Amino acid sequence: MFMKKILYVNQQELTNPAIIDMLLSYNYNWKAFINLHKFNTGVDSHYVRAGKNVLPFVNGLEDYSYMPMYQPNITTTFEEATDIRCAQIKSLISTSPVLILWSGGIDSTLIITSILKHFSPSERTNIHIACNRVSIYEYPEFYFKHILPNFKVLDSTWIVVDSKLLSKYYIIDGEPADQLFCAGAAQTIPFTDPTILATPVNQSQKLKEVLKSLMPNEPQWEKDLTVNWFYQIMMDNIQSVDVPIETFYDFFWWYSFNMVWTSIKIRTLASQCEFNPDAVQLYMNKFIHWFDTEEYQQWSINTRIDGKFNQTLSGNKVIAKKYIYDYTQDNYYYRCKFKHLSTGHVKEKFVAPWFCILDDYTRLTISDNLDEILNLLPAHIKI
Amino acid sequence: MFNEKLFTYKYSAMTENQYFNYGLPDHPRAPQYGLYFPVGDCFLFVLKDQRVAYTLSAILSSRYVTIVTLLNTADNYDPTTMMLDNNSCTNWTASNKNEFNTIMALYTNPLRYVKELVVASDLHNNIGINMQQEQQWAAFCCYWIERIYHQLYSSPNFIDIDYELNNFLQIDGLGYQARPSLKLDSIRQILKILYLEKDFKQAESQINAIGLCL
């Protein structure tokens, strides 16, 4: 009999008592592992993509979340990677309309900028933009000057990325751009001290203090437990790869780039209420993360802090803002735009929590499939 | 430590601007508000009216985030020797600026209390935007916002209740086919120009063309 296997676990659902009992039978620092999400809120799961697997679960989506090898001789610039991506998208337009999810933030604004730069008006007729009012408040000039005159606009507030929508469109979002740079809670560090991220990574005590500052509400013992564990597993993984990790910035980048990437790609599936296997396959085929390319990843691996962050409050993703500025000539955006909370919270959506995805793309829930989950989960754990 | 130099006229051109105001409260114990500018780490503009401060912050958000702060709470705030005005405010920052939740500031902007006024670094002169021009723009916006609020709230008229209630009532959608209020529409047009326009002369010209007497 063919044994199914789990490809991916929604780790926010590791709360059922029977599952917890099973996990506790393994000798592992589960408390610290569960606390990982404090370093990257909004992410449900962590999986290693490269190097030593220092986390308890096996990444069954390695092909889907592929990371290229470190090749220092590759010199593709961020702009070139963007232009290459745009050319790839152009080939899709002839087969199906495209819906771009615009949040008003830097990443999705860059997508539309690239399209405006490379697509003629007639080539853009099959491209629609989905946004909500908060997107407009985040970048009103771009909306009124560049989006409204050039694209059909849909209200994204009530959009659900389900099979019906994916059948109609290729859908493009601005992920995983954050993971190419320094993402998660670390994005808040520049608000207190922009220069600290340039500190050499061998200053371990200082790095641990910075990590603890990202857990302000936890008791000291929990901070110590989590940070010491996290630092150790990160260094174990870093030492198993040849990617240069030189500064605190690189440390935070590598954590997100290596361990959060997979979850970011799957994240939008959480809004789906349908659990049929075709829905997952359709999602993987037609939901396109703009920044998920070999060229962007090579650029990210080969670029250190100087090329990604200029150590000011508005200095993260400065290379992306430059790309936008070269088209819009909007100096305010280039100089003053910094990270705002994602507009994803604007949408009130029904979240149908599923526990895991199997290799036949069915999804299991705790309420309906607990026995099967308990049967399959051990093969997904590698401690 | 009080430093007289920080209170000299930094930009004399500012005071010659017809829209300029010092942003001082009407009496020493009255509140004074400062728009803290995170990217430049300084106070961009000071003013005496909280409602105007919030509207100004919202209008300026099309360019950059500012945070509405109450200056009087600063330990070293003293209306006789230590008070900021719009000639000197960019020389100052807040000692507790790290407590201001900047990542959420675009969506929610509760009043922040300044703990201590401290001398700002030179950062705001090196961020690639002209702070003097931004202050002039803020003064221009403040001028019009004050006049709008004065029109709305100072004398008996029907505009202020229409402005408040129709904001949520949306009476046209309830079947009442109202003739548009010319004055209210003009007020909304002015605010929209202030929010979307980047060129001072263009904004001034468009607002003057509306011909609204406030």
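Here's a quick tour of chain B, its aromatic rings and a patch on its surface, with a couple of stops in chain A. Keep in mind that this is a predicted model.

**Chain B in outline**

- Chain B is built from 6 helices and 6 strands.
- Of the 214 residues in chain B, 48% are buried.
- If you take the contacts in chain B with a separation of 6 or more, 75% of them join residues 24 or more positions apart.

**Aromatic rings**

- Counting over all chains, you'll find 42 aromatic pairs in the structure.
- One of them brings together B:Tyr19 and B:Phe140: their ring centres are 4.8 Å apart and the planes stand at 80°, so this pair is edge-to-face. To be called that, the planes have to be over 60 degrees apart.
- B:Tyr19 belongs to the loop between α1 (12-16) and β1 (33-37) of chain B, while B:Phe140 belongs to helix α3 (residues 131-153) of chain B, so the pair ties together parts that are 121 residues apart in sequence.
- Are these two partners buried or exposed? B:Tyr19 is buried, with a relative accessible area of 5%, and B:Phe140 is buried too, at 0% relative accessibility.
- Over in chain A, ring pairs link A:Phe39, A:Phe230, A:Tyr231, A:Phe251, A:Phe252 and A:Tyr255 into a cluster.

**Charges over rings**

- In chain A, look for A:Arg49: its charged end sits over the ring of A:Phe257, 4.8 Å from the ring's centre.
- In chain B, the charged end of B:Arg51 sits over the ring of B:Tyr149, and here the distance to the ring's centre is 4.9 Å.

- Which residues make the nonpolar surface patch of about 390 Å²? They are B:Ile161, B:Leu165, B:Phe168 and B:Leu169.
- B:Leu169, one of the four, is part of helix α4 of chain B, which covers residues 159-169.
- B:Leu169 has 37% relative accessibility, so it counts as partly exposed. That label covers values between the buried limit of 20% and the exposed limit of 50%.

Note on methods
Residues numbered from 1 in each chain as written. Chains lettered and ligands numbered in written order. Predicted model: local features only at pLDDT ≥ 70, side-chain atom pairs only at ≥ 80, totals over all residues. Heavy atoms only, no water. Patch = residues over 30% accessible without salt bridge, like charges linked within 9 Å, V, L, I, M, F, W, Y side chains within 5 Å. Areas by Shrake-Rupley, 256 points an atom, 1.4 Å probe, with all protein chains shown as cover. Salt bridge = Lys/Arg side-chain N within 4 Å of Asp/Glu carboxyl O. Helix = DSSP H or I, 4+ residues; strand = E, 2+ residues; numbered from the N terminus. Buried < 20%, exposed > 50% of the residue type's maximum accessible area, 1.4 Å probe, protein only. Phe/Tyr/Trp six-rings, centres within 6.5 Å; stacked < 30°, edge-to-face > 60°. Lys NZ or Arg CZ within 6 Å of the ring centre and 35° of its normal. Contact = heavy atoms within 4.5 Å.
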